[in-house]
Structures are given as structure tokens and as C-alpha cells.
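Reader: I have the sequence and the coordinates open. Can you take me through the fold, starting with a helix pair?

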Amino acid sequence: MGAGTAGSLSFRAMQLGFIGAGNMASALARGWGEPVLCTDSGSGRAAALAQELGGEALASNRELAERVDVVVLAHKPAQLAAIAGEIDGAAKAVVSIVGGVSQAELRAAYPDTTVLRVSPNTPAAVGKGVFVFAVPDAPVDEQLHAAVRERFARLGTIVDVPEPLVGVAGASSGVAPAYWALIVEAWVDAALRRGLPVATANELVIGAMEGTAELLRSYDGDTLAVRRAVTSPGGSTARGLAALERGGVRAAIAQAMDDVVGA
């Protein structure tokens with residue numbers, strides 16, 4: 001694989017451009033909060049994103065590749081070969097956030113360009129993202145790698161994961177906003193059923209979720225210790241936990257992991 005032409009990326013502003021302007025690309029662009037160069041396949045989302053943040057929605061993927069330092073692939077997996085054909089020879093470097101496309105597949109599509117694989121999540125929009133960086137399984141431009149990591153680190157936490165486990169990692173973080181939103185929704189609905197106003201329920205449940213995340217960090221992820229600190233024998237929390245276990249919370253999450261990752 002070619003080393004690419006990263007030049008002095010780590011010593012100057014790195015211009016990124018998005019091929020695809022869907023939810024994840026938009027979350028990244030909003031998190032960085034800079035004028036954006038982007039394209040789409042006709043949805044109009046690129047124009048809307050450029051209008052929101054400044055920048056341009058370009059007419060062709062090749063023009064975008066020629067104008068930026070790093071192309072961020074945010075298109076559908078089935079478009080990999082077609083888009084690689086469009087920007088072949090123009091892309092200086094490629095960062096893929098395309099789900100389910102391995103580094104080997106990226107190298108096959110971009111044999112003469114440095115490619116990196118990242119699995120992000122939408123809290124990047126508010127600077128609280130979690131970014132799974134696939135550990136390179138072939139030589140890459142180290143200066144480019146460092147520059148890309150620095151850029152993504154502005155929007156949250158980077159976790160390095162070997163290529164074979166990127167799917168599992170994505171099923172642990174990429175889907176997390178949807179899972180937590182569903183849990184919060186169910187919890188708020190239960191509070192509403194018992195008479196709590198929706199605004200109050202939202203403030204309580206979301207605030208408690210945020211605080212618990214920080215508490216878990218302070219406990220180094222010791223979930224048992226956190227549960228024991230709030231659970232008295234035979235008390236209300238113990239009864240609630242028992243109800244969640246009877247309801248199959250663990251089994252449902254395990255099944256969700258299996259369904260997302262696949263057989």
C-alpha cells in the first residue's frame with residue numbers, strides 16, 4: 001500500500017472533506033464547527049450541511065478529493081467500488097467511517113493511498129464522541145495517522161481496537177446513543193405513568209445517566225461496586241434491579257450485540 005502524500009499535515013490545518021452527508025458525517029462536521037466541503041448522492045443533505053456550517057456542497061466527488069487533504073468516506077458500503085473509481089488518483093488520504101468495510105477492503109479499493117478505518121458515534125456533535133480506531137494492519141503514513149487522531153480527539157475519546165474486533169467495538173459504542181435513548185424513553189414513560197411531568201422526568205433521568213457515567217469512570221468501571229453503593233438489602237433499588245433481571249435486560253442486550261455483529 002502506498003504511504004500517501006500527507007506532507008506536513010501535523011504542522012498545519014488539515015482540510016477534511018466528506019463524501020456523504022448523513023447523520024454521522026453531519027455529527028462530525030458539527031462537532032468540529034468549521035466550514036465544510038461535502039458531497040452527497042442527490043439527497044440535498046450536503047447543501048443543507050454547507051448552508052448550516054459554511055463551506056461548499058461540491059458537484060463531484062473527484063473535485064472534493066482534489067481540494068482536501070483527507071477524504072472522509074461516509075457513504076453506503078455498497079458504494080465503495082464506485083466512489084473509489086471516481087476519486088482514484090485524486091485522494092491524498094482516506095479515512096473511512098463506512099460500517100462493515102475492513103481495512104483490507106479499503107486497501108483493495110485504494111491501493112496507492114493511505115487508508116484509515118474509524119468507527120465513530122453521534123455524540124461527536126457535542127464533543128463527547130467515542131471513536132474506535134482500527135489498529136493499522138499494514139504500514140501507514142505515521143504523520144497522517146497522528147494528525148487524524150489529533151483531529152478526532154478534539155471531539156471525544158479514542159479507543160484503539162484490532163481490526164477483527166472493530167465490529168464488536170462499534171456494537172458497544174456506535175449504537176449506544178440509540179440504546180440509551182430507548183432506555184431513557186422507557187424510564188421517562190414509566191415516570192409519566194406515575195404522575196411525574198415530562199420535563200421533570202427528563203431532567204431527572206438524563207441527569208442521573210450523565211452522573212452515573214462519571215461515577216463509573218471514578219470506579220474504573222466497577223459496576224458491581226456502583227450498584228452495591230446504592231442498593232440496600234431488600235430495599236427499593238434491590239426490588240427494581242430484580243424486576244429488570246426478570247424482564248431480561250441482560251439477555252436483550254446480549255441478543256442485540258449478536259444481531260448487530262452478526263453470526
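**Helix packing and the sheet**

Author: Helix 8 and helix 9 cross in the right-handed sense. This is a predicted model.

Reader: Where do the axes of helix 8 and helix 9 come, and at what angle do they cross?

Author: Helix 8 covers residues 176-193 and helix 9 covers residues 198-218; their axes come within 9 Å and cross at roughly 135 degrees. The two helices are therefore oblique to each other.

Reader: Which residues make the contact?

Author: Helix 8 contributes W180, V184, W187, V188, A191 and L192. From helix 9 come V198, A201, N202, V205, I206 and M209.

Reader: And by class, how many are nonpolar, polar and charged?

Author: The contact of helix 8 with helix 9 has eleven nonpolar residues, one polar residue and no charged ones.

Reader: What about helix 7 and helix 12, how do they pack?

Author: Helix 7 (residues 166-173) packs on helix 12 (residues 249-261) at an angle of about 130 degrees, and the axes are 9 Å apart. That makes helix 7 and helix 12 oblique to each other. Their crossing is right-handed.

Reader: Which residues are in that contact?

Author: On helix 7, G167, V168, A171 and S172; on helix 12, M257, V260 and V261. Five residues of this contact are nonpolar, two are polar and none is charged.

Reader: Change of topic. What is the strand order in the sheet?

Author: The sheet is open, has eight strands and runs in the order 3-2-1-4-5-6-7-8. The pairing is mixed.

Reader: Which strands are at the edges?

Author: Strand 3 (55-57) and strand 8 (156-161), each of which pairs on one side only. From one strand to the next, the twist averages 25 degrees.

Reader: Start at strand 3. In what sense does strand 2 pair with strand 3, parallel or antiparallel?

Author: Parallel, over three bridges, with strand 2 covering residues 36-39. C38 has A57 of strand 3 as its bridge partner.

Reader: How many bridges join strand 1 and strand 2?

Author: Three, and the pairing is parallel. In this pairing F18 stands opposite C38 of strand 2.

Reader: Next, strand 4. How many bridges does strand 4 have with strand 1?

Author: Strand 1 (residues 16-19) pairs with strand 4 over four bridges, in the parallel sense. G17 stands opposite V71 of strand 4.

Reader: And how many with strand 5?

Author: Strand 4 pairs with strand 5 (residues 93-96) over three bridges, again in the parallel sense. Here L73 stands opposite S96 of strand 5.

Reader: Are the faces of strand 4 covered or open?

Author: Both faces of strand 4 (residues 70-73) are covered. V70 and V72 are buried on one side, V71 and L73 on the other.

Reader: How buried is L73?

Author: L73, in strand 4, has a relative accessibility of 0% and so counts as buried.

Reader: What does L73 touch?

Author: Setting aside residues up to four places away in sequence, L73 touches I19, L80, V94, V95, S96, I97, V98, L106 and Y110.

Reader: How far apart are L73 and A84?

Author: They are eleven residues apart in sequence, and 9.8 Å apart in space from C-alpha to C-alpha.

Reader: One more residue, S26. Where is S26 found?

Author: S26 is in helix 1 (residues 23-32). With a relative accessible area of 5%, under the 20% limit, S26 is buried.

Reader: Which residues is S26 in contact with?

Author: A21 and L49, leaving aside neighbours within four places in sequence.

Reader: To finish, the whole chain. How many helices and strands?

Author: The protein chain has twelve helices and eight strands. Its C-alpha trace spans about 65 × 40 × 35 Å along the principal axes.

Reader: What share of the residues counts as buried?

Author: Of the 263 residues in the protein chain, 35% count as buried.

Reader: And what share of the contacts is between residues 24 or more positions apart?

Author: Such residues account for 57% of the contacts in the protein chain with a separation of 6 or more.

Definitions and conventions: Residues numbered from 1 in each chain as written. Predicted model: local features only at pLDDT ≥ 70, side-chain atom pairs only at ≥ 80, totals over all residues. Heavy atoms only, no water. Axes fitted to C-alpha atoms, helices over the stretch in contact; angles between N-to-C directions. Parallel < 35°, antiparallel > 145°, perpendicular 65-115°, else oblique. Left-handed = near helix turned anticlockwise from the far one by under 90°. Contact = heavy atoms within 4.5 Å. Nonpolar A, V, L, I, M, F, W, Y, C, P; charged D, E, K, R; others polar. Pairing = 2+ DSSP bridges. Buried < 20%, exposed > 50% of the residue type's maximum accessible area, 1.4 Å probe, protein only.
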